[in-house]
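Subject: Structure for you to look over

Dear colleague,

Here is the structure I said I would pass on. My notes on it follow below.

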Amino acid sequence: MHGPALSGWLLMGLCAATGAYCLLRTRNGTERERGPARAEALMGFGMAVMAVPPALFALPEWMWIAYAVVFGAAALHAVVRGRQGSRHLHHVVGSLAMVYMAVAMAPGAAHASGGGHLGHGTQSAGGVPALTGVLLVYYALYVLSSAGRLIPAASPVGVPATGATAGPVWDARPELTLACRLTMGIAMFAMLLTL
């Protein structure tokens, strides 16, 4: 990831915390709920490692190949499970975006694509501007729609708002799950923006 070190640190911490929350979500619920939580935990931790400021630790060259393989496999898994809902299709896009960023940030990728930004380590990196633009638009729309779902619906005077249930454990609250997904969407947008 490119950009100031402070934003890298903040993004790394945010993604790691989000990944940890998603990992906690894998303990509760049905298998249908735990599967997306595992995919989101993988995404959160993967984004956290990708956001490590180069001044702290330069990722080895083999790491970019590992990223491409792991997230390529995650995309394939999400495609296979894609018939079970739109959440899996979003995981396909997210996993392929991670593969794209890993390839674009790999040492030597800038020489092939002509990118000119300062990369992770000493290499230049970049990507295909049109593809980056499409992914930026996708994540901007995703973030806006997710944020809109977090806004509680107005209820008539004297009628309590729905969704304020007493008793669910903190790691199974639907609004926290949505906030987790919103956070990862914002982080992905930021990472693509600095590519």
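The buried residues of helix α2 are G35, P36, A37, E40, A41, M43, G44, G46, M47, A48 and M50, where buried means under 20% relative accessible area, exposed over 50% and partly exposed in between (1.4 Å probe, protein chains only). Helices here are DSSP runs of H or I with at least four residues, strands are runs of E with at least two, and both are numbered from the N terminus. Helix α2 covers residues 31–50, 20 residues in total, and spans 28 Å from its first C-alpha to its last, close to the 28 Å expected at 1.5 Å a residue. That expected span is 1.5 Å times one less than the number of residues in the helix.

Two points on provenance. This is a predicted model, in which local features need pLDDT of at least 70 and side-chain atom pairs count only at pLDDT 80 or more, while totals for chains, interfaces and linings use all residues. Residues are numbered from 1 along each chain as its sequence is written, and side-chain values use heavy atoms, with hydrogens and water left out.

Overall layout

The chain has seven helices and two strands, in the order α-α-α-α-α-β-β-α-α along the sequence. Of its 195 residues, 40% are buried.

Salt bridges

Side chains of opposite charge can pair when their charged atoms come close. The rule used here asks for a side-chain nitrogen of Lys or Arg within 4 Å of a carboxyl oxygen of Asp or Glu, and by this rule the count comes to two salt bridges. In one of them the side chains of E40 and R25 meet at 2.9 Å, N to O. This pair links distant parts of the chain, with E40 in helix α2 and R25 in helix α1, 15 residues apart. Both E40 and R25 are buried.

E40 also forms a salt bridge with R181, at 2.6 Å, N to O. Because E40 lies in helix α2 and R181 in helix α7, this pair ties together parts that are 141 residues apart in sequence. E40 has 2% relative accessibility and so counts as buried; R181, at 17%, counts as buried too.

Nonpolar core

A nonpolar core is taken as a set of buried Ala, Val, Leu, Ile, Met, Phe, Trp, Tyr and Cys residues joined through side-chain atoms within 4.5 Å. The largest one has 36 residues, of which M50, M98, M101 and M188 touch the most other members. The elements that give two or more residues to this core are α1, α2, α3 (61–80), α4 (86–105), α6 and α7 (174–193). The largest share, eight residues, comes from α4.

Aromatic pairs

Rings of Phe, Tyr and Trp (its six-membered ring) pair if their centres lie within 6.5 Å; planes under 30 degrees apart count as stacked, over 60 as edge-to-face and the rest as tilted. The structure holds five such pairs. One of them joins Y138 and Y139 edge-to-face, at 5.1 Å centre to centre with 90° between the planes. Y139 and Y142 have ring centres 6.4 Å apart and planes at 75°, so that pair is edge-to-face. Y139 and Y142 are three residues apart in helix α6 (residues 129–150), and therefore separated by about one helical turn. Both are buried, whereas Y138, at 28% relative accessibility, counts as partly exposed. Elsewhere, ring pairs link W64, Y67 and F71 into a cluster.

G133 is found in helix α6, and its C-alpha atom is 8.8 Å from that of L193, 60 residues apart along the chain. A140 lies in helix α6 as well; the C-alpha atoms of A140 and G185, 45 residues apart along the chain, are separated by 8.0 Å. G133 is partly exposed at 27% relative accessibility, and A140 is partly exposed with a relative accessible area of 27%.

Surface

L6, W9, L10, L56 and F57 form a nonpolar patch with about 550 Å² of accessible area together. Patches are made of residues with over 30% relative accessible area and no salt bridge, like charges being joined within 9 Å and nonpolar side chains (Val, Leu, Ile, Met, Phe, Trp, Tyr) within 5 Å. Areas come from the Shrake-Rupley method with a 1.4 Å probe, and for residues only the protein chains shown count as cover. W9 sits in helix α1 (residues 5–25) and is partly exposed, at 40% relative accessibility.

Regards
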